[in-house]
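Hi,

Here is the structure I promised to pass on.

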Amino acid sequence: MNDKIQKFSNSQDFFQCPICGKELKLVGNSLFCSNDHCFDISKKGFVDFVLNNKASKNYDRDSFENRHLILEHGMYDHIANKLVELIKKLHLESILDVGCGEGYYAKKIAQAGIKDVLAFDISKDSIQLAAKGINTPVKWFVGDLAHLPIQDNTVKGIIDVFSPANYAEFNRILDAGYVLKVIPNQFHVQELRQVAKDQLQQAEYSNKKVLDYFEEHYELIDQIDATETYPVTEEVRTAFINMTPLLFNVDKSKIDWSQVKDITVGSTILVGQQKNRRN
């Protein structure tokens, strides 16, 4: 059995069938439940749990390749490093990466020696990119945020980096655990906001509503700043402009981007613990 299949050997500890809810076990090159529903593990090393999945025009392969270029440039390393530090500090042995894209954070966490790392996205293109190349111990899967194929009370930590959240599902699968949610702060991409302000509905960003909603569901243990400003080449700037959701509805051709020489990646990491479920 090759490594891309072998890493799913303890699937019965985490995965459940999205059709009937029974636990899934590795049999050959597939995951089976007791009702014989079957989900094949691809040659690249991921499982697709979503039927009739439709790609989003804003999150296609080109979008994730632009993200990959930005991440390889190191512009999100400061966030990844802080997440790894927090996961180790909280002794979280199992992690689910929500909306993982091309898998940057999940790979960093696995490389840090975390025992069980699961990562999913609704985009099959992104998961194919994540699983491509050298094998990692990350259990990649295509999944639906509203209907996660994860058993109740099985993961210790969830990371949600600039992605939508489903707190009902998060609380169902967490085992007296933590949610590390990364949200933009007022400094995030401020250089792009300034140049594109005439086409933006909101020139300034506030994360207060997101924070308030988070605190309705979790005990806020900490808020950690993770903000850095990076010089950018024309290639990196163009990739960032085409990647960021801020500009999805902006006519980029009408803006002179040449004055942007630096881009700030500004975020706050919210550390939340499940209420009334402490060990």
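Alanine 119 sits opposite tryptophan 140 in S7. That contact belongs to the pairing of strand S6 (residues 116-121) with strand S7 (residues 139-142), which run parallel and are joined by four bridges. Strands here are DSSP runs of E, at least two residues long, and helices are runs of H or I of at least four residues, both numbered from the N terminus; two strands pair if DSSP finds at least two bridges between them.

Before going on, a word on the source: this is a predicted model, local features need pLDDT of at least 70, side-chain atom pairs count only at pLDDT 80 or more, and totals for chains, interfaces and linings use all residues. Residues are numbered from 1 along each chain as its sequence is written, and side-chain values use heavy atoms, with hydrogens and water left out.

Back to the sheet. S6 and S7 are part of an open, mixed sheet of eight strands, in the order S4-S7-S6-S5-S8-S9-S11-S10. Strand S4 (46-48) and strand S10 (218-231) are its edge strands, each pairing on one side only. On average, neighbouring strands in this sheet are turned by 20 degrees against each other, direction ignored (axes are lines fitted to C-alpha atoms, for helices over the stretch in contact, and angles run from 0 to 180 degrees between N-to-C directions).

S5 also pairs with S6: the two run parallel, with four bridges between them, and serine 94 stands opposite aspartate 116 in S6. Is strand S5 (residues 94-98) enclosed or open? Five of its five residues are buried, so S5 is largely enclosed by the rest of the structure. Buried means under 20% relative accessible area, exposed over 50%, and partly exposed in between, using a 1.4 Å probe and protein chains only. Both faces of S5 are covered, with Ser94, Leu96 and Val98 buried on one side and Ile95 and Asp97 buried on the other.

There is also an open sheet of three strands, ordered S1-S2-S3 and paired antiparallel. Strand S1 (25-27) and strand S3 (38-40) are at the edges with a single partner strand each, so one side of each has no neighbour in the sheet. Neighbouring strands in this one are turned by 35 degrees on average, direction ignored. Three bridges join S1 to strand S2 (residues 30-32), and valine 27 has serine 30 in S2 as its bridge partner.

On to the aromatics. The whole structure holds 14 aromatic pairs (rings of Phe, Tyr and Trp, its six-membered ring, with centres within 6.5 Å; planes under 30 degrees apart are stacked, over 60 edge-to-face, the rest tilted). One of them is phenylalanine 8 with phenylalanine 15, a tilted pair at 6.3 Å centre to centre and 35 degrees between the planes. Phenylalanine 8 is buried at 0% relative accessibility, and phenylalanine 15 is buried with a relative accessible area of 0%. Tyrosine 167 and phenylalanine 170 make an edge-to-face pair, at 5.8 Å and 70 degrees. Both lie in helix H6 (residues 167-173), three residues apart, about one turn of the helix, and both are buried. Phe8 and Phe15 also belong to one aromatic cluster with Phe39, Phe49, Phe120 and Phe141.

Over to you!
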